[in-house]
Amino acid sequence: MPADILIAGGGIAGLASALALSQRGHRVELLEQAPAFGEVGAGIQLGPNVTRRLGSLGVWDALERVAATPDALVVRSATSGAQTARLPLRDAMKNRYGSPYLCVHRADLHALLLAAVRASGVVSLSTSARVVDATAHSGVVCASTQDARAWESDVLVGADGLWSAVRDCVVEHPVAPHPTGHTAWRALVRQADLPAALRSKQVDIWLGPRLHAVAYPVRRGEFLNVVVLAEAAPAGDARSWDQPTGLAALQAATGRTAGALQALLEAMPSWSAWSLCDRPPVSGPREMANERVALVGDAAHPMLPYLAQGAGMAIEDGVALAEALDGCETLQVPAALAHYSHARWARNAQVQSRAQRNAVIFHATGAVRWGRDVALRVLGARLLDQPWLYAA
Ligand SMILES: Cc1cc2nc3c(=O)[nH]c(=O)nc-3n(C[C@H](O)[C@H](O)[C@H](O)COP(=O)(O)OP(=O)(O)OC[C@H]3O[C@@H](n4cnc5c(N)ncnc54)[C@H](O)[C@@H]3O)c2cc1C
């Protein structure tokens, strides 16, 4: 008999989980705290491990219609502009891993998942429904929302992001995420509005002391997404992904950069900022599920964006959760969720650790920076490719 599944959170993790679970025949109720579904205006890179899973969820055609396929990933110095390494992406990733490397606008990915969830006809969606509490007893989970409504289900999935409320039902000693002191500045521009020299069909990464910048095409290549990550005081409310800011604040954090990067930053029409918070990597299966409550995405494992895999792991979680609950009777739910957490925790922890390590390597100064650049020049694509991540 299919299970009744309640999902808290309608971001990428919640929608991917809802889609995967509904395709296995479960009845899904999704509660989103915001008055409307939506995503911020920024880009997202999707490795072959992620595009493969999106294909398995049946959204391939919709994804292809909105994505950009970058030619290559090119690493440069943020101070001199010199190229240090290049990894071909366009055909190479598909040939090697059986699925492409794509770049999308977050709102486009979110919208196509939402459309697929709606089209399934078996997911009930509610907005302005913030889950504030949940308890499990007698084989049932009871959740309540801020408007004093009560919800009962066989399973509760916490897909409620970095500041998850559901996490408190799973983790024994919950603590708040910690500020990293890193800020992400992001901008989006129509490529047609840029001088020809600044338009791009590739993922460009500039590495500098205590900062790095990333630019890549989205929306079939019509827009360029630019993100600068710098070690600078948080810009404002740590919970907001959309703090208004400007070029002057950005440049106070980065100092002067290489000519081409400087020109790109100056060409952006506006900037928003994100203060990055983090948690230690997941330390065991007990941090991803307990009895009838499971966590997916940032609720379980926030990821610094230094490996570009936070949303990727959220999508992997959703697919794995649906596999674990496939054909599961209500009495078997705790065992199925234990299977899910055992299948997912170590991979998520590895991606979190690598992202944290990349933060140190990308922003290195002195001898570490010198060693990094020599390694990039000598090893090039072999250092940039990530078979352990993309092949799984
Ligand atoms: C600068 C930057 C760049 C990034 N780039 C990439 C990239 O290139 N590739 C990649 O894979 N990842 C990337 N990431 C990571 C990625 O953005 C996140 O990991 C991903 O968005 C997490 O999705 P989520 O659904 O788990 O959480 P969220 O996106 O935070 O969604 C949570 C949802 O739950 C809702 N909610 C919250 N609390 C409640 C509640 N109590 N009840 C009901 N609803 C609730 C929220 O309103 C929201 O809709 C990047 C992150 C940053 C900061």
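User: How far apart are the end C-alpha atoms of helix 5 (residues 106-120), and what span should its 15 residues have?

Analyst: This is a predicted model. The expected span is 1.5 Å times one less than the number of residues. Helix 5 has 15 residues, so it should span 21 Å. The end C-alpha atoms agree with that, being apart by 21 Å.

User: Which elements do the buried residues of helix 5 pack against?

Analyst: Start with the buried residues of helix 5, among them Arg 106, Asp 108, Leu 109 and His 110. Further along the helix, Leu 112, Leu 113, Leu 114, Ala 116 and Val 117 are buried as well. The buried residues of helix 5 pack against helix 1, strand 3, helix 3 (60-66), strand 6 (102-105) and strand 7.

User: Which residue with a positive phi follows helix 5?

Analyst: The phi in question is near 75 degrees. The residue that follows helix 5 with this value is Gly 121.

User: Where is Ser 128 found, and is Ser 128 buried or partly exposed?

Analyst: Most residues other than glycine have a negative phi. Ser 128 is not a glycine, yet its phi is positive, about 50 degrees. Ser 128 is found in the loop between strand 7 (123-126) and strand 8 (131-137). With 13 C-beta neighbours inside 10 Å, Ser 128 counts as partly exposed.

User: Is Ala 148 buried or exposed?

Analyst: Ala 148 also has a positive phi, near 70 degrees, in a residue other than glycine. It is found in the loop between strand 9 (140-145) and strand 10 (150-153). Ala 148 has 7, so it is exposed.

User: Which residues does Ser 99 touch, leaving out those up to four places away in sequence?

Analyst: Ser 99 is found in the loop between helix 4 (90-97) and strand 6. Ser 99 is buried, because 21 other C-beta atoms lie within 10 Å. Its C-alpha atom is separated by 8.4 Å from that of Gly 47, 52 residues apart along the chain. The residues Ser 99 touches are Pro 48, Thr 51, Arg 52, Gly 55 and Lys 94.

User: Which element gives the largest share of the shell around the ligand?

Analyst: The ligand is surrounded by 34 residues, the closest being Gly 9, Gly 11, Gly 161, Gly 297 and Gly 310. Two or more residues come from each of helix 1 (12-23), strand 3 (43-46) and helix 8. By class, the shell has 19 nonpolar, 11 polar and 4 charged residues. The largest share, 4 residues, comes from helix 8.

User: How many of the 15 residues of helix 8 are buried?

Analyst: Helix 8 (residues 310-324) should span 21 Å, and its end C-alpha atoms agree, at 21 Å apart. The helix is largely enclosed by the rest of the structure. The buried count behind this is 14 of the 15 residues.

User: Which strands are the edge strands of the open sheet?

Analyst: The sheet has 8 strands in the order 5-4-13-14-15-12-17-16, with mixed pairing. Each edge strand pairs on one side only; they are strand 5 (83-88) and strand 16 (243-245).

User: What is the bridge partner of Leu 188 in strand 15?

Analyst: Strand 12 (residues 178-190) and strand 15 (residues 223-231) run antiparallel. They are joined by 9 bridges. In strand 15, the partner of Leu 188 is Asn 225.

Key. Residues are numbered from 1 along each chain as its sequence is written. This is a predicted model: local features need pLDDT of at least 70, side-chain atom pairs count only at pLDDT 80 or more; totals for chains, interfaces and linings use all residues. A residue is buried if 20 or more other C-beta atoms lie within 10 Å of its own, exposed if 12 or fewer, and partly exposed in between; C-beta atoms are placed from the backbone. A residue is near a molecule or strand if its C-beta atom, placed from the backbone, lies within 6 Å of it. Ala, Val, Leu, Ile, Met, Phe, Trp, Tyr, Cys and Pro count as nonpolar, Asp, Glu, Lys and Arg as charged, and the others, Gly among them, as polar. Two residues are in contact if their C-beta atoms, placed from the backbone, lie within 7 Å. Two strands pair if DSSP finds at least two bridges between them.
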